[in-house]
Amino acid sequence: MSLKGHATTEGTARFRERFRGVAAEGHFRFEQNLWLSSIGVGTYLGHWDEETDRAYAGAVTRAVELGANVIDTAANYRFQRSERSIGEALPALSTEGYAREELVVCTKGGYLPFDSRPPAGQEGVRAYVEETFVRAGVAEFSDIVGGSHCMTARYLAHQLAQSLRNMNLEAVDVYYIHNPEAQLQAVAREEFDRRLRAAFEQLERERTAGRIQFYGVATWNGFRVQEGARGYHSLERMFELAREAGGNEHGFRFLQLPFNLAMPEALVSENQTYQGARVSLLEAAKALGVTVVASASILQGKVASDLPEQIREPLGSLATDAQTAIQFVRSTPGVTTALVGMSRRAHVEENLQLARLPPASAEDYSRLFTGSAE
């Protein structure tokens with residue numbers, strides 16, 4: 001039985017109210033008429049085994065209990081097993097009294113996902129793709145870029161339906177096209193725009209059918225590289241394509257990209273254009289009304305150790321470097337939620353201690369860039 005409904009203004013406000021007096025001011029942010037936690041649980045890493053499945057289900061449950069209502073996954077994460085772990089966690093949360101309307105569930109489609117485990121060898125991979133997608137009429141080989149990426153309307157419809165089954169949901173709140181820049185390695189810009197608009201048109205149909213609330217793109221390099229690079233994305237152009245696909249009330253309202261102490265491009269690189277002016281990605285998103293979610297907040301642990309005092313002190317001299325790295329992301333103006341991969345209960349409890357602390361003040365945050373930490 002699928003869980004009915006989706007995140008609502010009233011439901012997410014009720015979730016926020018649960019933590020009155022516990023969560024600090026600034027932990028919950030109001031975006032797209034929803035209250036989103038400043039820290040969300042990611043489900044990317046981990047082995048494809050039952051032990052990790054159970055660990056993720058427990059981590060998602062514990063994160064919600066500690067004040068994180070943003071849950072992020074993708075069809076290809078751990079060969080669909082991460083979505084299925086969420087599908088285990090949500091009914092357990094329901095029995096604890098957490099309603100579907102309180103939680104913002106996000107997933108992605110674009111990469112061809114294996115089922116539970118990878119096939120053996122290249123021959124096994126090709127046989128799986130042919131059997132699962134080509135013979136089933138989901139995609140042609142010509143639709144697939146680099147042997148692994150597809151974003152046609154038929155493919156996205158198929159993948160969304162599979163994700164809903166995996167998570168036992170009637171609808172997801174945000175559906176991202178996963179790394180659309182992968183297409184630009186094989187097709188010209190004009191063809192890319194045509195494909196992206198067709199993808200947006202399909203996602204608008206899914207919105208009309210009630211299977212998604214919002215959509216967007218989850219990227220890795222597209223918004224970090226400079227204009228002129230082959231995989232570059234213009235947010236203003238994407239927004240125009242969404243308006244062509246869905247009118248002024250279109251659902252292109254979310255964007256995900258890596259942002260952390262080692263990858264600050266969204267803040268510091270003026271690689272976007274808005275109404276003729278050169279601006280950063282975060283400035284363009286704010287102007288267009290697009291909510292930014294940060295992935296790789298601790299860069300798989302690479303920015304969660306040996307941080308210098310001139311970073312630690314302005315961010316509050318927190319107990320751990322992982323907390324410090326997350327605090328940087330959630331304190332950045334224009335970033336709504338910092339996603340952190342958390343498959344262990346201990347990591348959830350360490351990281352969600354930040355829900356009790358306010359983000360760094362604008363004054364303290366600015367000292368990270370002026371070298372005036374004392």
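A residue counts as buried when its relative accessible area is under 20%, and as exposed when that value is over 50%. The exercises below concern a predicted model.

**Exercise 1.** Determine whether Arg-224 is buried or exposed, and state where it lies in the fold.

*Solution.* Begin with the location: Arg-224 sits in the loop that runs between β7 (212-218) and α7 (235-246). Next, take its relative accessible area, which is 17%. The cut-off for burial is under 20%, so Arg-224 is classed as buried.

**Exercise 2.** Identify the polar partners of the Arg-224 side chain, and list the residues that Arg-224 touches beyond four places away in sequence.

*Solution.* Consider the side-chain partner: a polar contact of 2.8 Å joins the side chains of Arg-224 and Asn-221. Then consider the backbone: the side chain of Arg-224 reaches the backbone oxygen of Trp-220 at 3.3 Å. Finally, with residues up to four places away set aside, Arg-224 touches Leu-257, Pro-258, Met-263, Glu-265 and Asn-271.

**Exercise 3.** Describe the largest pocket by volume, lining and composition.

*Solution.* The volume of the largest pocket is about 770 Å³. Its lining comprises 34 residues, and those nearest the centre are Tyr-44, Leu-45, Ala-296, Gln-300 and Gly-341. Among the contributing elements, β12 (335-341) and α12 (345-351) each provide at least two lining residues. By class, the lining of the largest pocket contains 15 nonpolar, 15 polar and four charged residues.

**Exercise 4.** Give the volume and lining composition of the second largest pocket.

*Solution.* The lining divides into five nonpolar, three polar and four charged residues.

Conventions
Residues numbered from 1 in each chain as written. Predicted model: local features only at pLDDT ≥ 70, side-chain atom pairs only at ≥ 80, totals over all residues. Heavy atoms only, no water. Helix = DSSP H or I, 4+ residues; strand = E, 2+ residues; numbered from the N terminus. Buried < 20%, exposed > 50% of the residue type's maximum accessible area, 1.4 Å probe, protein only. Polar contact = N/O pair within 3.5 Å; in protein donor to acceptor, adjacent residues only side chain to side chain. Contact = heavy atoms within 4.5 Å. 1 Å grid on protein atoms, 1.4 Å probe; cavity = no way out; pocket = protein on both sides within 12 Å on 5 of 7 lines; lining within 4 Å. Points joined across faces, edges and corners; volume = space filled by probe spheres on them. Nonpolar A, V, L, I, M, F, W, Y, C, P; charged D, E, K, R; others polar.
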